[in-house]
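Q: Please show me how to read a few local features in a model. Let us take them one by one.

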Amino acid sequence: MDRNVEDAVIDLKNYIENTKQYRKVIELKKKMEKSSNIIKLIEEIKNLQKEYVKNNNDEDIGKALKNLEKKLNEIPIYSEYNKNLEEINDIIYFVREELNSYFDKKINI
C-alpha cells in the first residue's frame, strides 16, 4: 500500500478512536464485562438464539427471546452502550460513503 494512503487510513482510524462515542463505548464495555447480570443475560440470549434457530423459529422460544432482549435493553449501561455504538457505526458509514464517492469520481473521470 502506498505510504500516503497507509498514513491516511491510520489517521482515519485514530480519528474514530478519539471520538467521545468510541471512548465511551470502550469504557461502557469494560463496565459491562464486570456486570455478572449483563453477562448472564447476554449468554442466555445467545443460547436462546441458537435454540430458536435449531427449532425452526419456534414461537414460544421467540417470545422468551424477546423478553430477555427487552430486559437487557432496559439496563441503562447497556442502552447507553448501544446508543454510542450506533453513533460510531454512523460515523464509519459516513466515512465509507465519502471514500466510495471519492474513489468513484477518481476512477470514472
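Q: Is phenylalanine 103 buried, partly exposed or exposed?
A: Buried means under 20% relative accessible area, exposed over 50%, and partly exposed in between (1.4 Å probe, protein chains only). Phenylalanine 103 has a relative accessible area of 45%, so it is partly exposed. This is a predicted model, where local features need pLDDT of at least 70, side-chain atom pairs count only at pLDDT 80 or more, and totals for chains, interfaces and linings use all residues. Residues are numbered from 1 along each chain as its sequence is written, and side-chain values use heavy atoms, with hydrogens and water left out.

Q: How are the rings of tyrosine 102 and phenylalanine 103 arranged?
A: A pair of aromatic rings is described by the distance of the centres and the angle of the planes. Rings of Phe, Tyr and Trp (its six-membered ring) pair if their centres lie within 6.5 Å; planes under 30 degrees apart count as stacked, over 60 as edge-to-face and the rest as tilted. The count comes to 2 aromatic pairs. In the pair of tyrosine 102 and phenylalanine 103, the centres are 5.1 Å apart and the planes lie at 75 degrees, so it is edge-to-face. Tyrosine 102 is partly exposed, at 44% relative accessible area.

Q: Is threonine 19 buried or exposed?
A: Threonine 19 has 7% relative accessibility, so it counts as buried.

Q: Which backbone oxygen lies 2.8 Å from a polar atom of the side chain of threonine 19?
A: That oxygen belongs to isoleucine 16.

Terms used:
A polar contact is a pair of N or O atoms within 3.5 Å; within protein, one must be able to donate a hydrogen and the other to accept it, and residues adjacent in sequence count only if both atoms are side-chain atoms.
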